[in-house]
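I wanted to get my bearings in a structure I had not seen before. These are my notes, in the order I looked things up.

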Amino acid sequence: HCFALFICIVVFLYLYVFSNTNDDFNPFLRYGEFLTIFLYAWKCVPLFINLPVCLFEFIGLICFNSFKDQVTLKVEPKTAPFICFRIVTRGNYPRLVKDNLKLNIETCRRSGIVNFSFEVVTDNVINLPNLEIVREVVVPKSYTTKTGALFKARALQYCIEPDVNKLKDSDWVVHLDEETLLTVNSVHGILNFVTDGKHQFGQGLITYASGIIVNYLTTLSDSYRVADDCGKQRCQLSLLHKPIFGWKGSYVVTRLNAETKISWDHGKEGSICEDAYFGILAMQAGYSFNFIEGEMLEKSPFTTKDLVHQRKRWLE
């Protein structure tokens with residue numbers, strides 16, 4: 001992996017810097033010293049802007065092992081704190097939610113976890129199976145937050161309202177999207193993280209090409225997100241324990257009392273990208289973050305139109 005990365009860098013440098021050099025051409029003689037320095041500096045502006053991100057990306061890819069076969073469980077599952085896997089959905093695809101819920105419950109049982117439950121937060125009734133470890137939370141259409149939070153932030157805030165929440169302050173919440181699938185590795189990583197208890201927030205790797213690929217174009221476009229998780233995300237959370245370069249909305253593990261103090265109720269401006277907004281506020285409040293071993297599985301947007309809408313929302 002490291003060898004392939006270095007080869008790519010060397011080839012790029014050769015093609016971009018050295019292959020087009022002309023020994024007979026001297027820019028200082030043709031354009032003058034001031035203009036030459038200005039043009040070279042202007043050409044390097046994009047590099048300088050992205051240099052911190054690229055540096056963390058490089059350190060993460062080189063210094064951490066992104067290809068572990070399995071995550072070793074370091075704790076006894078019976079001694080781990082209670083964990084609630086919270087899935088937020090609009091409820092437009094009830095079959096998808098039910099199928100993934102079943103798969104995730106089976107994965108949890110294979111992993112050996114004991115103290116856990118699943119909570120599906122939805123705008124529309126799904127009629128989930130009546131199981132002791134499953135709770136369906138329907139957000140009333142009349143519900144409004146104090147600051148008028150919208151979209152996913154509104155649903156997440158409803159969950160932590162005192163008359164809705166059934167978890168203890170010491171419990172942990174794992175935030176998932178409706179298409180997210182757990183793996184045994186990710187559950188083991190979460191158990192290790194919450195039992196350690198040194199950090200209030202955690203996040204791990206999500207991959208998008210497992211199973212049947214619906215759209216190759218959108219799946220390839222998400223490949224850089226996997227590289228981000230393996231590089232920049234792992235580096236910033238493992239070394240600095242702060243999400244200075246970003247924070248995702250899925251595969252988020254939070255201690256409930258810390259999540260409640262930060263809250264998701266931050267008006268319209270905090271509802272567009274509620275995950276990044278939440279991460280910034282939690283970092284400013286002095287909470288600690290860490291990277292969680294073990295990958296989860298998701299699907300890229302099924303159509304190019306959905307991909308464009310997703311990226312547009314991120315830019316806003």
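**Ground rules.** I'm working with a predicted model, where local features need pLDDT of at least 70, side-chain atom pairs count only at pLDDT 80 or more, and totals for chains, interfaces and linings use all residues. Residues are numbered from 1 along each chain as its sequence is written, and side-chain values use heavy atoms, with hydrogens and water left out.

I looked up the strand order first: seven strands make an open, mixed sheet, running 3-2-1-4-6-5-7. Strands here are DSSP runs of E, at least two residues, and helices are runs of H or I, at least four, numbered from the N terminus; two strands pair if DSSP finds at least two bridges between them. Strand 3 and strand 7 (289–297) sit at the edges with a single partner strand each, so one side of each has no neighbour in the sheet. The twist averages 25° from one strand to the next. I also checked strand 4 against strand 6 (residues 252–255): they pair antiparallel over four bridges, and W172 has R255 as its bridge partner.

**Helix 5.** Is helix 5 largely enclosed or open? Eight of its nine residues (151–159) are buried, so the rest of the structure largely encloses helix 5. Buried means under 20% relative accessible area, exposed over 50%, and partly exposed in between, with a 1.4 Å probe and protein chains only. Its cover includes strand 1 (83–89), strand 2 (116–122) and helix 10 (274–284); I count contact as heavy atoms within 4.5 Å.

**N215.** I found N215 in the loop between strand 5 (201–207) and helix 7 (216–221). N215 counts as buried, at 16% relative accessibility. Leaving aside neighbours within four places in sequence, N215 is in contact with P301, F302, T303 and T304.

**Rings.** A search of the whole structure gave me 12 aromatic pairs. Rings of Phe, Tyr and Trp (its six-membered ring) pair if their centres lie within 6.5 Å; planes under 30 degrees apart are stacked, over 60 edge-to-face, the rest tilted. F6 and F58 have ring centres 6.0 Å apart and planes at 75°, so I logged the pair as edge-to-face. F6 is in helix 1 (residues 2–18) and F58 in helix 3 (residues 33–63), 52 residues apart. Y143 and Y158 are edge-to-face too, at 4.9 Å centre to centre and 70° between the planes. Last, I noted a cluster linked by ring pairs: F201, W247, W264, F278, Y287 and F289.

Notes:
Axes are lines fitted to C-alpha atoms, for helices over the stretch in contact, and angles run from 0 to 180 degrees between N-to-C directions.
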